[in-house]
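These are my notebook entries on a single chain.

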Amino acid sequence: MTTVRQRRVGKGTEAAEDQPSEEKNVKPDGRILSDHTGGKPWNIVSTTVGGIVAISLGILTSVYVATLHENDLWFSNIKEVEREISFRTECGLYYSYYKQMIQAASIQQGLHGLVYDNKTESVRTINILERMNVYQEVFLSILYRILPIQQYLEPVYFYIYTLFGLQAVYVIALYVTSWLLSGTWLSGLLAACWYITNRVDTTRVEFTIPLRENWALPFFAVQIAAITYLLRNHLQPAQERLTLMVVFIATFLFSLTWQFNQFMLLIQALALFILDCFDMLPTAKVTWLYIIQISGLLLVCVLQFFNSMILGSLLISFNASVLIARTIQKNLKRGSFLNRLVKLILHVLLVLCLTLLINKFVKKNLNLESDEHIFKFLKAKFGFGATRDFDANLYLCEEAFGLLPLNTFSRLSDTLLFYIYVFVLFLMTVAAVIVAFQNLSGSSQVHSMGKMEECMITLKPDAAYNLIHTVLFGFLALSTMRMKYLWTSHMCVFASFGLCSAEVWKPVLKCIHLYTSQRMHVIKYSMPVITVLYVSYKFWPGIMDELSELREFYDPDTVELMNWIKSNTPNTAVFAGSMQLLAGVKLCTGRTLTNHPHYEDKNLRERTKQIYQIYAKRSPEDVYRILQSFGTDYVILEDSICYERRHSRGCRLRDLLDVANGHIMDGLGENEPDLKPSLYPRFCEEVKKNLPSYTIHFTRVFQNKTFHVYKLAKHK
């Protein structure tokens, strides 16, 4: 069991950049005159200062998380095996391919080993570049080999420093997005401060470094910043083309680095679709964004040797359906309110039907089943029937895939982030509903005078996009805790933008009859300054205490296990066990595995369920036969799983296996009526008794307080 223990001592504001408060952006294609004038000395100075602050905050964030990682593990002082063990579960699996590429005799040999890999899944050759998103490890390993840095920097530091460096990109992208929305870099400053002070809920990079989301989210933030800029009015053609190129590159890199890319981009496509339906975004720009999403994903598909999960993604089916539906249904944005509403409903139904038909057709013809476990999980999670499916229940019982805990909002409220976010979200949502109604009814076409014009509610396209984006990803985070990092980081952007936005303060001040241009600007620029000062005053001492707290990596049982495997088993030995532990076995020892944590493959899921029978109530003959079928030489049993107490009854791994096998669960509590007692005791408990029926097949060759390793007999 890994722990960390206490380390032992020994060894200016810028009014000129403000977005014009009088802009009338009811329709994205409306002709609006801007008060913005560039080229003034103050504008240049302000932009320069804002840029310097953005880069400085990005670098400080990188140094901050790197220091936390070092202080928590004493990474610079521990042994290599301990460093590798610190990359837990799938993190260790991904890092193992970087290590494999570094240790290969040549780049070509390293690539060949990934394309024709027979050590990740025993008795099977798989293409790692097709199955997993590890191009970043490939690129980084090649970069390390060709740069003259081997004498000065260890491979592991080159890897982790790159990830920490991406945090700088992440913070700068959030800063720029908020700046673009509000027109003042004070908004970006506040967004970055909130991101740092809410670190527990905005990132987990310091303790899950190689996780795919830590590679992908910085690129996603860059993409959102580019889309925000793209949706501004009156861009020059050259600016628009350059921005589209940035959006494409960021979308491509995001898709290349995370296996869940298609689901995140689908939510983004839904946001664009909703806004386009209500005529709140320029249709031409939305079309380009649909095309960029499809082309970026298809390019990744090609690089991943035509990965079937990408070809059968809902995103490609949805985007294609939207583009097809547009050609079938023309003049969607003309007519009276009722006429447009009816056409809009028909349009939505057509898109949904086309999406399901296209997706079903593709999956049936290509025989795709890679992502079926996700839909089983979603079906069970949202109450569409109970399930005994092992894979679905494995996800349902993990805290990371449960609902967002309520204490998250308490932590976010301590920095005032959640309170301000809700305030801004409420006002912007009301404005969006009114603008959507105006657009559908055609009232935005009427050029009113006097009081009518004063009452007209406006919402810029870039603000409208970020509003729907935060709402949809908010629902995702509320339903699945693991996805909260997509929401909380954007929450920092959205709340800081609202606090510095004329779009928020102008209607508020008008409602209480206190509006003047000067008063609005005073509030707009003073509120972020006051908030930054408050957050700094309250959390700076805690951050300093955190940075001064020194701990040390401590997991002697796992270190002992890995050293024993390297010293006492042949290089060709095949190991079975839990997928989390086996990822570490591959990284630390290079031995062949029977299964691993990258779960996006149907055959692997079935294989894992079979291997996990070592924790079920099965006969020794059954377990031996199963392990033999996967070429297993050694099996590792973990007491933390066999006698698990972390989960409640019904969610322990042994309970999931018992239910899937039709057996009654252990302990006090109810069982479903059709479950039967097993004819055999639990294997992981009984094998330790050294009974003849077990020792004929399994010989214990290693044990400590946590692990038991058994060697399988070689029967003819």
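**Entry 1: helix 12.** I began with how far helix 12 is covered, and found it mostly covered, with 15 of its 17 residues buried. The model is a predicted one. I then checked the length of helix 12, which runs over residues 261-277. After helix 12 comes aspartate 279, with a positive phi near 60°.

**Entry 2: positive phi in two loops.** I looked up two further residues with positive phi. Phenylalanine 305 is not a glycine, yet its phi is positive at about 55°. I located phenylalanine 305 in the loop between helix 13 (283-303) and helix 14 (308-311). Its relative accessibility is 38%, so I recorded phenylalanine 305 as partly exposed.

Asparagine 367, also not a glycine, has a positive phi of about 55°. The loop that holds asparagine 367 runs between helix 16 (337-366) and helix 17 (372-381). Is asparagine 367 buried or exposed? With a relative accessible area of 60%, asparagine 367 is exposed.

**Entry 3: helix 19 against helix 20.** I next took helix 19 (residues 407-414) and helix 20 (residues 417-441), whose axes come within 5 Å. How are helix 19 and helix 20 oriented to each other? Their axes cross at roughly 95°. Angles of 65 to 115 degrees count as roughly perpendicular, and helix 19 and helix 20 are therefore roughly perpendicular to each other.

For the contact itself I noted Phe409, Leu412 and Ser413 on the side of helix 19. They meet Leu417, Phe418 and Tyr419 in helix 20. By class, the residues of this contact are 5 nonpolar and 1 polar, with no charged residue.

**Entry 4: the disulfides.** I asked how many disulfides there are. The count comes to 2 disulfides. A disulfide is a covalent bond between the sulfur atoms of two cysteines.

I took the link of cysteine 397 and cysteine 651, in which the sulfur atoms are 2.1 Å apart. The angle about the S-S bond is -75°, and the link is left-handed. Cysteine 397 is in the loop between helix 18 (390-396) and helix 19, while cysteine 651 is in the loop between helix 30 (639-642) and helix 31 (653-660). The pair therefore ties together parts that are 254 residues apart in sequence. Cysteine 397 has a relative accessible area of 13% and is buried; cysteine 651, at 22%, is partly exposed.

I then turned to cysteine 642 and cysteine 684, which form a disulfide with their sulfur atoms 2.0 Å apart. This link is right-handed, with 80° about the S-S bond. The pair links distant parts of the chain, 42 residues apart, with cysteine 642 in helix 30 and cysteine 684 in helix 32 (residues 683-686). I recorded cysteine 642 as buried at 1% relative accessibility, and cysteine 684 as buried at 0%.

With the bonded cysteines numbered in sequence order, I read the pairing as 1-3, 2-4.

Entry 5: I checked cysteine 277 and found it in no disulfide. A disulfide requires sulfur atoms within 2.5 Å, whereas the cysteine sulfur nearest to that of cysteine 277 belongs to cysteine 353 and is 14 Å away. Cysteine 277 is buried, at 12% relative accessibility.

Cysteine 588 is likewise in no disulfide. Its nearest cysteine sulfur is that of cysteine 91, at 13 Å. The relative accessibility of cysteine 588 is 4%, so I counted it as buried.

**Entry 6: surroundings of leucine 499.** I ended with leucine 499, which lies in helix 23 (residues 484-499). Leucine 499 is buried, with a relative accessible area of 3%. Which residues is leucine 499 in contact with, leaving aside its neighbours within four places in sequence? I listed Leu190, Ile420, Val424, Trp505, Lys524, Met527, Pro528 and Thr531. For lysine 524 I also noted the separation from leucine 499: 25 residues in sequence, and 6.8 Å in space from C-alpha to C-alpha.

Note on methods
Residues numbered from 1 in each chain as written. Predicted model: local features only at pLDDT ≥ 70, side-chain atom pairs only at ≥ 80, totals over all residues. Heavy atoms only, no water. Axes fitted to C-alpha atoms, helices over the stretch in contact; angles between N-to-C directions. Helix = DSSP H or I, 4+ residues; strand = E, 2+ residues; numbered from the N terminus. Parallel < 35°, antiparallel > 145°, perpendicular 65-115°, else oblique. Contact = heavy atoms within 4.5 Å. Nonpolar A, V, L, I, M, F, W, Y, C, P; charged D, E, K, R; others polar. Buried < 20%, exposed > 50% of the residue type's maximum accessible area, 1.4 Å probe, protein only. Expected span 1.5 Å × (residues − 1).
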